[in-house]
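Visitor: I have not looked at this one before. Can you take me through it?
Guide: Here it is.

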Amino acid sequence: MSDPNSGFVIAAYIVALVVIAGMIVATIADYASLKKSLAKLAARTGRHVDDRDERK
Amino acid sequence: MPNYANPAEFLRLVRVALPVTAGVTAVLFGIGLYLALFVAPPDYQQGETVRIMYLHVPSAWMAMFVYLVMSAAALGTLVWRHPLADAAQKAAAPLGAGFTSLCLVTGSLWGKPEWGTWWVWDARLTSVFVLFLIYLGIIALWQVIEDPGKGARLAAIFTLVGAVNIPIIKFSVDWWNTLHQSSSVFRMGGPTIALSMLWPLIVMALAFTSLFLTLHMMAIRNEILRRRIRRLSMLAASAGEGEAHVPAIFAEPAQ
């Protein structure tokens, strides 16, 4: 691209990459953190399951 | 038929659908970026700057589409009391804010070389900025209200009130004299842009939509886990350590 405004185009695609990657990473990191918390909590409480509540 | 209102059933659906939608998103972005950067011609007036449109326009569409999804979810919370509606609404808000911020920044990066300014307070730009503020307000509302039920109802009401901004965004270029150009794709009489530019735009729009669906499913799954943790913590606190009784609805579905 020899256009004098190429810098704006490149900047736009970099911003898009950062925003989209940010959304993906934040969602995955949140999931990993929640799974970790859930595993810790389940191990601490020694949970058991009640099927009566399955369809509530 | 599976009951997807049941969180455990929904998690099973997500486990199957997620690899498919993630794969489709990656393929669509691959094709869309190739078409946008290497196949689509430069515009006769804008030159290479037109390539920003392949990011700006889909992100603008997504900013409004995500809000419509949130409005439907708000109705689900208030009218039908669907068990996953508030989770769907809460999960969509940060994604909507992300797409709106991308729309604003890419628009600004296009505006500087084409209009000679980063920003003008015209009706289209201002109404999209208001949409961004509404997203932030909804996210903040979820954060500050501790009771999830009350938070869901208030966020739903706020979302439905804010929905009035969507037609304002769409028709702002018709109702007011704006610097922003009028619609060139979704308009009476059909699109006015060349097919060589329309196709990359459509593929990029599909890629953005598929990305949202993928991330939304993942984020709803996160909300279900967050509720499960909250319930487990409350049960553990009320029953005493080691004696928690956990309903199956909050348990992990079978692998």
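Guide: The chat below goes through the chains, a helix pair, the core and a few residues.

Visitor: Before that, what kind of model is it and how is it numbered?
Guide: This is a predicted model, where local features need pLDDT of at least 70, side-chain atom pairs count only at pLDDT 80 or more, and totals for chains, interfaces and linings use all residues. Residues are numbered from 1 along each chain as its sequence is written, while chains are lettered from A and ligands numbered from 1 in the order in which they are written.

Visitor: How many helices and strands are there in chain B?
Guide: Chain B has seven helices and one strand. Helices (H or I, at least four residues) and strands (E, at least two) are DSSP runs, numbered from the N terminus. The order along the sequence of chain B is α-α-α-α-α-α-α-β.

Visitor: And the secondary structure of chain A? What does it come to?
Guide: Chain A has one helix and one strand.

Visitor: At what angle do α1(A) and α3(B) pack?
Guide: The angle is about 175°, and the axes are 10 Å apart. Axes are lines fitted to C-alpha atoms, for helices over the stretch in contact, and angles run from 0 to 180 degrees between N-to-C directions. That makes α1(A) roughly antiparallel to α3(B), a label for angles over 145 degrees; under 35 counts as roughly parallel, 65 to 115 as roughly perpendicular and the rest as oblique.

Visitor: Which residues meet there?
Guide: On α1(A) they include Phe8(A), Val15(A) and Met23(A), and on α3(B) they include Leu95(B), Leu102(B) and Trp110(B). Two residues are in contact if their C-beta atoms, placed from the backbone, lie within 7 Å.

Visitor: Different topic. How many residues are in the largest nonpolar core?
Guide: The largest nonpolar core has 67 residues, and Ala63(B), Val66(B) and Ala92(B) have the most contacts inside it. Such a core is a set of buried Ala, Val, Leu, Ile, Met, Phe, Trp, Tyr and Cys residues joined through C-beta atoms within 7 Å.

Visitor: Which helix gives the most to this core?
Guide: α7(B) does, with 16 residues.

Visitor: What is Val66(B) in contact with?
Guide: Leaving aside neighbours within four places in sequence, Val66(B) is in contact with Ala92(B), Leu95(B), Gly96(B), Phe99(B) and Phe212(B).

Visitor: Where does Cys103(B) lie?
Guide: Cys103(B) is in helix α3 of chain B.

Visitor: Why does Cys103(B) count as buried?
Guide: Cys103(B) counts as buried because it has 26 C-beta neighbours inside 10 Å. Beyond four places in sequence, the contacts of Cys103(B) are His56(B), Ser59(B), Ala60(B), Ala63(B) and Val128(B). Cys103(B) and Ala63(B) are 40 residues apart in sequence, but 7.7 Å apart from C-alpha to C-alpha.

Visitor: Last one, α4(B). What do its buried residues pack against?
Guide: They pack against α2, α3, α5 and α6 (165-175) of chain B. Among the buried residues of α4(B) are Val128(B), Leu131(B) and Tyr135(B).

Definitions and conventions
A residue is buried if 20 or more other C-beta atoms lie within 10 Å of its own, exposed if 12 or fewer, and partly exposed in between; C-beta atoms are placed from the backbone.
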